Structure formats: C-alpha cells, structure tokens
Amino acid sequence: VLGVMIFIVLMGAVATPPVVILAITAALLGICIPASRIVARIVEKKRYTFTVGGASFVGILAAPWIVVAANLALGRWMTAPVSVMTFMAALSIAYAFGEGVGRLACISFGCCYGKPLSACHPVVQRLFQGRSFVFSGKTKKISYANGWDGERVVPIQAVTAVICCASGILGVYLFLNGQYTAAFFESLIITQVWRSVSEVLRADYRGGRKISAYQIMAIAAVGYAVLAALFGPSVSTPPPDVLAGLGYLWHPAMILSLQALWVLVFLYTGRSSVTGSAMSFHVIRERI
C-alpha cells in the first residue's frame with residue numbers, strides 16, 4: 001500500500017488523471033497479487049507461500065502492455081498519453097519502497113532469512129559480527145524450516161530493506177527533477193541486481209537449482225524493462241509538481257481505494273496458512 005501511495009503521488013505529479021492511475025494500478029495489482037502465489041507454487045512446489053520476486057517479475061512483464069492498453073482504452077480522460085518511461089520510472093521507485101518496507105515483515109516472521117554466520121566466508125563473518133539476526137520461537141519460518149532458531153544468521157532482510165529504500169529515495173529525487181530515465185534505470189537496476197546478488201547470502205528454499213529461478217527472473221526483468229522503456233512510444237511528460245501529486249492522496253476515490261487495498265492485502269497475505277492456534281477453557285477449582 002505504501003508503494004501504491006508513492007506511485008499515485010509520482011504519477012499525479014506529472015498530471016496523470018486519477019481515473020487513469022486507479023485503472024492502471026488495479027490492472028497491475030490484479031496480475032501481481034495472484035502471481036505472488038502462483039509463481040511460488042511453480043518454482044518452489046509449495047502451495048502455501050508467496051514470492052515478491054516472482055510477482056515483481058510478472059508485473060514488469062505486464063507493465064508496458066498495461067500502459068499501451070490504458071492509452072487506447074482511457075484516451076478520453078487524458079489530455080496526453082501516459083509515457084511508458086515515466087510510468088516505468090514511477091513503478092520501479094514504488095516497487096523499491098514496497099520491497100524495502102516489506103522486508104520488515106520478513107524480519108517479523110523469520111522468513112527470507114540469511115545463512116548462518118558460521119557457514120559464511122570469514123570476510124562475511126567479520127562484516128556482520130555483532131550485526132547478525134537471532135530468531136526465536138517455533139512458529140518462525142527459520143525455525144520450522146531449518147531449525148535455526150537461536151542461531152546467528154546474516155541479517156539479509158535488513159540489508160535488503162536499507163538498499164531498496166535508499167534506491168527509492170534516490171529515485172524520487174531524480175524523478176522530481178524530471179530525470180525520468182535516470183530514475184527508472186537507477187531504481188530498477190539496483191533492486192533487481194541486488195535481488196539476484198542477495199540470494200548468495202540467503203538460506204531459505206528457493207528451488208532445487210544452484211542458480212535460482214528468481215535470480216534468473218531478476219536479471220531477465222532488467223533486460224526486458226530496459227528494452228520496453230527505450231523502445232516504447234515516445235511521449236512528452238510535463239515537469240513534475242510534487243504538491244499536485246500529494247494532493248491526489250486527498251481525492252476521495254484514492255482514499256477509499258487505498259483503504260480497500262489495505263484490507264485486501266491484509267486478508268490475502270496477512271493471515272498465516274502454515275501456523276495455527278488453539279483455545280481452551282478450564283475450571284479454577286480453588287475458586288469454586
């Protein structure tokens with residue numbers, strides 16, 4: 001939801017009509033949210049799990065075509081067509097923030113965890129000495145999947161959060177200075193290349209291959225998105241006005257849509273399918 005808010009502000013800053021922003025966002029999320037589970041099932045052969053990497057890959061593949069379709073179907077609400085480059089820049093920046101902040105959930109649940117420090121190269125051990133994560137609790141994924149609760153591991157989720165959010169901040173700066181191409185390349189390449197590189201330090205199951213499908217997807221997504229942005233229809237984009245973009249968040253349709261999205265995402269991903277609980281009642285005999 002935070003990523004969508006940032007996307008709305010950035011697209012609003014370049015005078016994209018609210019109805020167009022909502023339509024594009026709904027189409028993209030309608031593809032990416034189910035893909036987060038479908039791709040995980042294909043790659044990891046697990047039914048009750050999600051993958052941000054798989055969802056982002058599918059989203060990047062679909063994004064340029066969604067812009068083309070929106071320009072054709074929603075032309076009467078636009079004063080000018082949506083630029084593929086501007087759209088991809090706003091999308092990749094929003095993704096960077098969504099990925100970065102989303103890693104806080106990985107820290108909470110103990111998923112997407114790093115390798116034990118004891119199994120890492122001495123350089124990695126020295127780098128994260130005193131900065132490692134130690135998870136506790138049998139309902140943490142690192143515990144029931146690998147039995148590593150109580151063991152020091154590489155804090156890969158925190159590193160990813162810092163890198164992605166820093167990339168998002170730099171991307172916003174470039175975007176609001178009208179450097180849409182630079183904002184796109186910076187945010188996309190940093191997040192996707194880091195996704196591929198970070199898996200070297202991850203220990204959660206990513207499929208049976210030495211080089212995971214998610215690493216291949218991340219690198220392939222960079223090449224595809226760059227080609228789509230460079231060879232997409234050339235459309236001029238007005239100078240960004242951040243105050244106008246922030247004003248979009250006060251639009252009633254935006255407020256209600258963000259609230260509805262929050263509920264949808266919470267119900268779809270916030271309820272654990274792999275943990276359970278039980279409640280029992282008993283009589284306190286000494287108080288009878």
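**Thr160.** I looked up Thr160 and found it buried, at 7% relative accessible area. I am working on a predicted model. Thr160 belongs to helix α7, residues 156–176. I traced its side chain to the backbone oxygen of Ile156, at 2.9 Å. Setting aside neighbours within four places in sequence, I listed the contacts of Thr160: Glu99, Arg103, Trp194 and Ser198.

**Glu99 and its partners.** Glu99 was on that contact list, so I followed it next. Glu99 is buried, with a relative accessible area of 6%. I found its side chain in a salt bridge with Arg195, 2.7 Å from N to O. Glu99 sits in helix α4 (84–109) and Arg195 in helix α8 (180–198), so this pair ties together parts 96 residues apart in sequence. Arg195 also counts as buried, at 6% relative accessibility. I noted that salt bridges with shared partners join Glu99, Arg103 and Arg195 into one network.

**Other salt bridges.** How many salt bridges does the count give? I get 4. Asp149 pairs with Lys138, with the closest N and O atoms 3.0 Å apart. I placed Asp149 in the loop between α6 (141–146) and β2 (152–153), and Lys138 in the loop between β1 (133–134) and α6; the pair therefore ties together parts 11 residues apart in sequence. Asp149 is partly exposed, at 24% relative accessible area. Lys138 counts as exposed, at 63%. I also logged Asp204 with Arg202, closest N and O atoms 2.7 Å apart. Both Asp204 and Arg202 are buried.

**Surface patch.** Which residues form the nonpolar patch on the surface? I have Val1, Trp262, Val263, Phe266 and Leu267, with about 450 Å² of accessible area together. I checked Phe266 in particular. Phe266 lies in helix α11, residues 252–269. Its relative accessible area is 41%, so I file Phe266 as partly exposed.

**Whole chain.** I count 11 helices and 2 strands. Along the sequence I read α-α-α-α-α-β-α-β-α-α-α-α-α. The radius of gyration is 21 Å, close to the 19 Å from the globule rule for 288 residues, so I note the chain as being as compact as a globular protein of that length. The C-alpha atoms fill a box of roughly 75 × 60 × 35 Å along the principal axes. Of the 288 residues, 45% count as buried. I put the accessible surface at about 15000 Å², with 68% of that belonging to carbon and sulfur atoms. Among contacts between residues at least 6 apart in sequence, 76% join residues at least 24 apart.

Key: Residues numbered from 1 in each chain as written. Predicted model: local features only at pLDDT ≥ 70, side-chain atom pairs only at ≥ 80, totals over all residues. Heavy atoms only, no water. Patch = residues over 30% accessible without salt bridge, like charges linked within 9 Å, V, L, I, M, F, W, Y side chains within 5 Å. Areas by Shrake-Rupley, 256 points an atom, 1.4 Å probe, with all protein chains shown as cover. Helix = DSSP H or I, 4+ residues; strand = E, 2+ residues; numbered from the N terminus. Buried < 20%, exposed > 50% of the residue type's maximum accessible area, 1.4 Å probe, protein only. Rg over C-alpha atoms; globule rule 2.2 N^0.38 Å. Contact = heavy atoms within 4.5 Å. Polar contact = N/O pair within 3.5 Å; in protein donor to acceptor, adjacent residues only side chain to side chain.
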